[in-house]
Amino acid sequence: MSVAELTEESFLKANRISQEEWQASAIDWQTLHQIGLNHEANIEQLKETAEMYARIIQRCQQVHSVRWRVKDPQHLMEKIVRKTQPNTPTFKEKYVGINETNYDSIVTDLIGVRALHLFKEDCLPIHDYLCQEWKNAEAPIYYVRSGDDKVFADLPDDVVVKVHPAGYRSLHYVFGSQPLNRVVYTEVQVRTIFEEGWTEIDHKIRYPNFSHNEQVCSFLLIFNRLAGSADEMGSFVKQLVGELEHHQHAIDEITKKSEENAQEVANLFKLLEQNESKQQGSQELINKLREQVEQLQAEKNALHHAAKHHAMNTLSLNAKAKCKASELMK
């Protein structure tokens with residue numbers, strides 16, 4: 001249904017807004033309806049801006065994929081009703097006095113873009129990339145779950161860290177751009193693919209009917225921890241593969257050097273035997289050859305020991321991986 005077809009009654013019913021909530025809101029129907037009409041008329045222009053952001057963000061090497069949307073007019077209107085109810089958790093002072101001429105400077109997520117990445121530490125280079133491309137209109141916010149580790153400790157001091165009660169994890173940015181004659185704000189959210197999956201399911205299940213259901217919230221929190229464990233395992237596997245590749249490279253180098261030494265030892269033994277059998281050369285040369293043979297033999301033994309050491313390290317990494325997997329599965 002288009003905004004033009006909406007009536008006050010049909011809007012409240014479609015968006016599950018009670019009469020008590022509507023009466024508590026500090027906005028009237030005429031103003032709210034006009035905001036909806038104005039936003040609906042600007043959707044195509046906002047889509048072009050959203051596509052521009054998506055194209056630029058996708059160029060970042062650490063970004064796996066990008067999603068975007070322009071806020072649905074009715075969702076915008078419903079949000080304004082929630083934000084203009086005093087003495088409620090959702091009330092925002094800046095929404096007081098909102099109207100059709102200023103709503104797009106107050107509501108900063110009319111355009112929403114999500115940058116998804118594979119490993120949680122990828123957000124660090126993504127953060128640098130975004131801040132090079134656009135200027136922050138607000139301080140970036142990193143939402144975390146209580147008990148999260150400090151992977152993001154390297155982020156600049158201007159990133160505000162907030163513990164989210166539902167366990168939501170995501171970095172949020174607000175950027176301003178001016179494609180035409182007015183500044184348009186875009187909210188960019190950066191999160192892992194696992195976190196995106198949990199967020200989508202949480203939003204689908206929890207809202208609008210079960211946001212206060214203790215049983216549903218409890219199971220969603222368990223699901224949230226599983227998503228967090230998946231992120232932990234992803235980062236661990238990446239680290240494990242890096243260490244295994246390092247050890248394998250070291251073993252390959254040791255093997256190559258050992259083979260070269262073995263060939264050199266064989267050549268020296270052959271030369272030594274020729275000198276002894278033909279009684280050619282001085283005793284000094286023979287002694288020197290013997291010393292070189294003994295030195296190369298010692299190097300060969302040292303290389304063999306190093307190869308065994310790296311092999312043991314590889315076995316240790318495998319054991320560490322199994323222990324980590326068992327820990328995350330608990």
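Axes here are lines fitted to C-alpha atoms, for helices over the stretch in contact, with angles from 0 to 180 degrees between N-to-C directions. This is a predicted model, where local features need pLDDT of at least 70, side-chain atom pairs count only at pLDDT 80 or more, and totals for chains, interfaces and linings use all residues. Residues are numbered from 1 along each chain, and side-chain values use heavy atoms, leaving out hydrogens and water.

**The helix pair**
- On the α3 side, W29, L32, H33, I35, G36, H39 and E40 meet P73, L76, M77, I80 and V81 of α5 (contact means heavy atoms within 4.5 Å).
- These contact residues divide into eight nonpolar, three polar and one charged, with Gly counted as polar.

**The sheet**
- Six strands form an open sheet in the order β1-β2-β6-β5-β3-β4, with mixed pairing.
- Its edge strands are β1 (65-70) and β4 (160-163), each pairing on one side only; pairing takes at least two DSSP bridges.
- Neighbouring strands are turned by 20° against each other on average, direction ignored.
- β3 (residues 141-144) runs parallel to β4 over four bridges, and I141 stands opposite V160 in β4.

**Helices on the sheet**
- Helix α4 (residues 43-58) touches β1, β2 (111-117), β5 (170-177) and β6 (184-192), and its direction makes about 165° with that of β1.
- Helix α7 (residues 123-133) touches β2, β5 and β6, at about 10° to the direction of β5.
- Helices (H or I, at least four residues) and strands (E, at least two) are DSSP runs, numbered from the N terminus.
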